[in-house]
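Open the model in your viewer and keep the selection tool at hand. The tour goes one stop at a time.

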Amino acid sequence: MPLDKKTEDRIKGMRKAELHRHLEGCVRVPTVIDIAKKHKLKLPTFDEMELEKIYKLRKPMNSLSEVLKMFEIAQASFASYEAIERITYEALEHAYDKENISLLELRFSPDFMLKGKDLDWEKSLDVIGSTIKKFENNHSFFCGIIIIASRSFGMNSVLKTIDFAVKNKNLIVGFDFADDEKNYPSALYKNAVKKLHQAGIPLTVHSGEEGHFSQVIETIQELGPRRIGHGVKIADDRTGKTAELVKSSGVTIETNPWSNYLTHAVESIETHPLKNFINSGLKVSISADDPEILDTNLNKEYLLAVEKTGLSFDDLLYTLRCALDASFLPPDKKQQAARQIETQIHFSKI
Ligand SMILES: [Zn+2]
């Protein structure tokens, strides 16, 4: 079905906010090739068009290993501090120039990103932070870093990542748990997150992306997050109790519709529960997750939300307000971004 050009233009013109985007999912194909040449890294091909076919997931995945291979290529690109700076800068540039994003939270897993490399975690965080700062100084754009613990890397990795986040709490805005929730349930981290809470670092958790809605209940009860990443399984609870818990806990859901379709978390984009969440009075935001690997961006996500999941423009504005309210950025930055976005909202209504 051809997408409506007027809707597309209107969405492109909207200033936006995004809370759930992985830096490792932001490496562009030409950048992958450039960095590989420079650092003598292996690639399946150095041809841009051919690499796109291997690196980008454009239809629902056949297997997890297919997607892991894509992330391996992206991960290898973080080969030096210079490469990290370039990838970060390009991610910000794309968000600002192409997607009209005013407020962005960018997350990465230091243990995943830097595994097998002779690069220091702190120095890498410093490079990412100073690249963001420089970009913020030259654009009306606000960005914060979320540190991710990769659950499947084991408890030692999670504990190391938590200590790293606490030590560098002035450089980050939040903390996240990502990947394999099924084999590494939230209850495992009940004690570990106490350090984060004591340090005043807000928490978001990838939860209810696959598996059972009870995982979301466990996450909220055991970890006390302010936000949930994905959360699509909440809609499977026909009693509505999980949704009620999300609501009463004040939790905001970071939805990633296209990502959920590609990983089979939902059967089709039309059956994504985004509209259902809004109708149930939940606080929801819309994000692109891994834009380069999943071949998406925030404009596309908004367009899908309108064209395929039945959101109105008022619904989109509601998700934007939810994103602004739930952002982990400091109040002054949130207010400045909110002013830009609210003005745009006002203009778009005229
Ligand atoms: Zn994610």
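Start by selecting proline 202. Leaving out residues up to four places away in sequence, proline 202 touches Gly174, Arg226 and Phe328. Keep in mind that this is a predicted model.

Now show glycine 174 as well. It sits 28 residues from proline 202 along the chain, yet the two C-alpha atoms are separated by 4.9 Å.

Next, select residues 214-223, helix α10, and residues 241-248, helix α11. Their axes are 10 Å apart, and the helices pack at an angle of about 25 degrees. That angle is under 35 degrees, so α10 runs roughly parallel to α11. The crossing of α10 past α11 is left-handed.

Which residues meet there? From α10 come Val216, Ile217 and Ile220; from α11 come Thr242, Leu245 and Val246. This contact has 5 nonpolar residues, 1 polar and no charged.

Last stop: the largest nonpolar core. It holds 95 residues, and Ala17, Ile87, Leu103, Ala305 and Leu324 touch the most other members. Select residues 142-150 too: this is strand β3, which gives the core its largest share, 7 residues.

Finish on leucine 324. Setting aside neighbours within four places in sequence, leucine 324 is in contact with Ala17, Leu103, Lys334, Ala337, Ala338 and Ile341.

Conventions
Residues numbered from 1 in each chain as written. Predicted model: local features only at pLDDT ≥ 70, side-chain atom pairs only at ≥ 80, totals over all residues. Axes fitted to C-alpha atoms, helices over the stretch in contact; angles between N-to-C directions. Helix = DSSP H or I, 4+ residues; strand = E, 2+ residues; numbered from the N terminus. Parallel < 35°, antiparallel > 145°, perpendicular 65-115°, else oblique. Left-handed = near helix turned anticlockwise from the far one by under 90°. Contact = placed C-beta atoms within 7 Å. Nonpolar A, V, L, I, M, F, W, Y, C, P; charged D, E, K, R; others polar. Core = buried A, V, L, I, M, F, W, Y, C linked by C-beta atoms within 7 Å. Buried ≥ 20, exposed ≤ 12 C-beta atoms within 10 Å, placed from the backbone.
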